[in-house]
Amino acid sequence: MSKLSRKAIGLVLVALMTAMALAACGDPTATTAPAPATTAAATTVAATTAAATTAAAATTAAATTAAAATTASATTAAATTASAATTTAAAAATTTAAAAATTAAALGTSGLKACDTPVAAASNGKTYKVGISVQNTIPALQNAIEGTKKGLEQCGFVEGKNVKYDIGNALGDIPALATIGKKYADDKVDLIIPVGTAALTNMYTTNKDTGIPIIFNSVTDPYLAIPSVIKSPTDHGNVTGIQSFPPVEDGLKLILQINPNAKTIGFVYNPAETNAVATLKEAQALAPKYNLTVVTATVQNSGEVLTASQSIVDKIDAFFSTTDVTVVNALESMVKVAVDNKKPLVGLDPASAPRGAAVTVGLDYYDNGILSARMAAAVLDGKKASDIAIEKQPKGPIAVNLKAAEQMGFKIPDAIVSAASQKFTEITPPKK
């Protein structure tokens, strides 16, 4: 063999030994373009950065082996990530379901149903038009609307299938209710459901000659709202529904349980709301029985609730709020005055408890809607509204807000807390 050949062989051996040494040391510097397997490893660098870097640095043979291992590792990591994502999605679904269940539990806790089976009219192929009017967006009235729709669904009237709702919300502008009522008349809706006293009076005024039946809910005193028509539970013309007169006497008793030495209570209200006037008259009639005096302040709109509350706070031992829509729409203003001056706020609207009323006793307005839906379904099924007696809703739950009581400077008696069906630990204003 020639010297040249021996030299060439020596050089080849040196090159091979050098390559082997580099592979053993894992030199991080890539000496050749990445092979396809190495490229695949590089694309999974987020999952296995170290393995990909080592694979890219090795010789072609070593890189191929390392890349295969990296690919298997990346596959395992991807599977683990996918499994984790599935678990996270399942957890999110569970959380969403739990939140929905909580919301449902807060509405209609009695489990009341409007119908056990659908009425015949629900399957006659007709799509009914139902107008639901409301004065403003406050939790109690929104609950009543939801209860109404749910009750009608229980009776076989499913929104988008065989019933279409026209929700007319005046957003606090009472004269706008007349416009809503006229629209229902022009559209010749099959049924009108006023939610609240102002809605009832306006729906009747604008539709009394149309023949459209009216089924109301959330009305404190229908006999005061339309005295010329609604004369008794069985004498009420083409108008019927569910009376929601709040348990005023129970509210007065709660005030004395909280403060046995209380002598005066503050009542802020809008004289234009007949429901508020009816509640005030009841409070004034019952107050002497409990050695209490009612101190009043009037408002014309929600923007006046703060100054009205401040004008009487030094003259009272506790605030007494009712279902006056104007006042409830600005409940946070009254809560502020109660907190700033360390005066209890007791209400007749359980939906006001999460917003800062320390103790409430009243009616479940979701159930009020359910009860009215039973009447509405009967009318859509062919029964005359004049033949359905007006009903009075029974007293609903006690609700307490422990945080509100703390900020108002008093502790709610254990007996009241034990009797409460809803307990809140934070003050949460409603979403606008």
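At what angle do the axes of helix α11 (residues 305–312) and helix α13 (residues 331–340) cross? I found roughly 30 degrees, with the axes coming within 8 Å. My model is predicted, so to speak: local features need pLDDT of at least 70, side-chain atom pairs count only at pLDDT 80 or more, and totals for chains, interfaces and linings use all residues. Residues are numbered from 1 along each chain as its sequence is written, and side-chain values use heavy atoms, without hydrogens and water.

Helices are DSSP runs of H or I with at least four residues, numbered from the N terminus. Axes are lines fitted to C-alpha atoms over the stretch in contact, and angles run from 0 to 180 degrees between N-to-C directions.

The angle makes α11 roughly parallel to α13 (under 35 degrees; over 145 is roughly antiparallel, 65 to 115 roughly perpendicular, and the rest oblique). The crossing of α11 and α13 is right-handed (the near helix is turned clockwise from the far one by less than a right angle). In contact (heavy atoms within 4.5 Å), I saw Val305, Leu306, Ser309 and Gln310 of α11 meet Ser333, Met334, Lys336 and Val337 of α13.

Next I looked up helix α9 (residues 248–258) and helix α10 (residues 274–286), which pack at about 55 degrees with axes 9 Å apart. That makes α9 oblique to α10. Val248, Glu249 and Leu252 of α9 touch Thr279, Glu282, Ala283 and Leu286 of α10.

Terms used: Helix = DSSP H or I, 4+ residues; strand = E, 2+ residues; numbered from the N terminus.
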